[in-house]
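Hi,

Here is the structure I promised to pass on. Have a look at it first, and then read on for what I found.

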Amino acid sequence: MKRIAILGSTGSIGTQALDVVLQHSAAFSVSVLTAQSNADLLIEQALQFQPSHVVIGDEQKYEFVKKALSGSSITVLAGAEALQEVVCLDNVDIVLTALVGYAGLLPTVKAIKSGKPIALANKETLVVAGSLIMPLAREMGVPILPVDSEHSAIFQCLMGESHNPIEKVILTASGGPFRGKKRADLEHVTRAQALKHPNWSMGAKITIDSASLMNKGLEVIEAAWLFDVKASQIDVVVHPQSIVHSLVQFEDGSIKAQLGLPDMKLPIQFALGYPNRMQANFPRFDFRDFASLTFEQPDMETFRNLGLAFQALDQGGNMPCILNAANEVAVDAFLKDEIGFLAMSDLLADCMAKGTFLLNPSLEDYITTDKLTREMAQMWVKKQNK
Ligand SMILES: NC(=O)C1=CN([C@@H]2O[C@H](COP(=O)(O)OP(=O)(O)OC[C@H]3O[C@@H](n4cnc5c(N)ncnc54)[C@H](OP(=O)(O)O)[C@@H]3O)[C@@H](O)[C@H]2O)C=CC1
Ligand SMILES: CC(=O)[C@@H](O)[C@H](O)COP(=O)(O)O
Ligand SMILES: [Mn+2]
């Protein structure tokens, strides 16, 4: 029985992970569930899955959750720091980081330090501090098992290939809801249009990132850390059907790919069950249902964020952390209708140009960089609204 801590159990990845647990109740159980503000769903999940601990991020909701679970043996904690506590519990065998954004960083560091394998959905952790996370995981002998569909695909392609160098990884991108649009078309697009992903149903932040190709940019940086490849070894190809989840090219020119219908339960289950492939009844991909699988170049002039992410990866140091913090503020401001779609890239570029560059940041440096960049980005948003 593998006992799981799910950080962000009320979100898109978190709820799908609980579906996987239900399908494999003899193999998996849940020790920890956490949410930021969705207390109702957290309580419902806790009553169903009976974890030993739950965490509600919003401290004002602590009493409400505590009261609702008072007849049970479940320990209720609140606040961001509690996440760092629960990942270290003895009854946790693996931590699924299904929470969104920079908030994933410190609990992941703590989990690795206490020797817990990580099923990593929270790509922002590696974007912000891959330079610390990967060496720490190696030092602790802790596996970082990718959940992100592209990285799970690459991970699967690399199984049995550890002695063969990678020539290139090729990340597929759906292109998002605005594929084929030009800058002029994007000037006045709305939040509702940007939230309509063609293939995946996901949380709001990653859905906006997909629409701006920032998601692919974050995934480029995530891939560089996970698979130890340079920016020049990473290609992005737009594949609107999201059937080929990503590819690896080896030194003899051979390319391996992983395919399947777009369904996150598969990579979630693969990471939780690793190294075993567990039986599942997920709908199967059938070539007869798809007349063609197509591939095209990403338009980096229109979707500037992808180029900015390559630039941040090339520059290294704390630049990806600056990019990430600016992006979190930009997406939040776009979702609140405070800035337009194209302004998100302007904000990122401005923060990257003005942020203080550090070549070899410590964890404290990353924390400071995140804080200062958010302040700078929030000022930028305020100025736009004057
Ligand atoms: N959704 C997908 O298909 C994919 C997602 N990912 C990555 O997985 C991560 C989660 O994405 P997704 O499930 O879509 O996101 P959602 O927004 O759907 O869910 C986020 C979860 O994190 C919690 N949360 C939000 N803010 C905080 C915070 N500051 N501190 C602690 N917990 C917080 C939320 O709680 P509450 O509900 O209470 O707000 C919720 O449980 C992201 O990093 C994303 O990039 C990667 C590949 C695919
Ligand atoms: C499901 C998943 O892994 C997402 O990251 C997905 O890839 C987003 O789609 P885009 O390719 O549009 O960014
Ligand atoms: Mn992805």
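**What I found**

UniProt, in an unreviewed entry, places the feature "domain: 1-deoxy-D-xylulose 5-phosphate reductoisomerase C-terminal" at residues 144-227. Keep in mind that this is a predicted model. Over residues 144-227 the chain is 49% helix and 13% strand, with the end C-alpha atoms 11 Å apart.

There is also an N-terminal counterpart in the record: UniProt (again an unreviewed entry) lists residues 4-130 for "domain: 1-deoxy-D-xylulose 5-phosphate reductoisomerase N-terminal". That span is 43% helix and 21% strand, and its end C-alpha atoms lie 23 Å apart.

Now to the ligands. Which residues are closest to ligand 1? They are Gly8, Gly11, Asn38, Met202 and Gly203, out of 27 residues that surround the ligand. Both domains take part here: domain 1 (2-146) and domain 2 (149-314) each provide at least three residues of the shell around ligand 1. Three helices supply at least two residues each, namely helix 1 (12-23), helix 6 (123-140) and helix 10 (204-212). Helix 1 gives the most, with three residues. Sorted by class, the shell around ligand 1 has 11 nonpolar, 12 polar and four charged residues.

Ligand 2 has its own set of surrounding residues: Asp148, Ser149, Glu150, Ala173, Ser174, Gly176, Trp200, Ser210, Asn215, Lys216 and Met264. Helix 7 (149-158) and helix 11 (214-227) are the elements that give two or more residues to this shell. Its make-up by class is three nonpolar, five polar and three charged residues.

One helix pair is worth a look while you have the model open. How do helix 10 and helix 11 cross, and at what angle? Their axes come within 5 Å and cross at roughly 95°. An angle of 65 to 115 degrees counts as roughly perpendicular, so helix 10 is roughly perpendicular to helix 11. By class, the contact between these two helices has three nonpolar, three polar and one charged residues. On the helix 10 side the residues are Ile206, Asp209, Ser210 and Ser212, and they meet Met214, Asn215 and Leu218 of helix 11.

Cheers

Notes:
Residues numbered from 1 in each chain as written. Chains lettered and ligands numbered in written order. Predicted model: local features only at pLDDT ≥ 70, side-chain atom pairs only at ≥ 80, totals over all residues. Near = placed C-beta within 6 Å. Helix = DSSP H or I, 4+ residues; strand = E, 2+ residues; numbered from the N terminus. Nonpolar A, V, L, I, M, F, W, Y, C, P; charged D, E, K, R; others polar. Domains from an automatic or database assignment. UniProt positions renumbered as here; feature names shortened; annotations may be inferred. Axes fitted to C-alpha atoms, helices over the stretch in contact; angles between N-to-C directions. Parallel < 35°, antiparallel > 145°, perpendicular 65-115°, else oblique. Contact = placed C-beta atoms within 7 Å.
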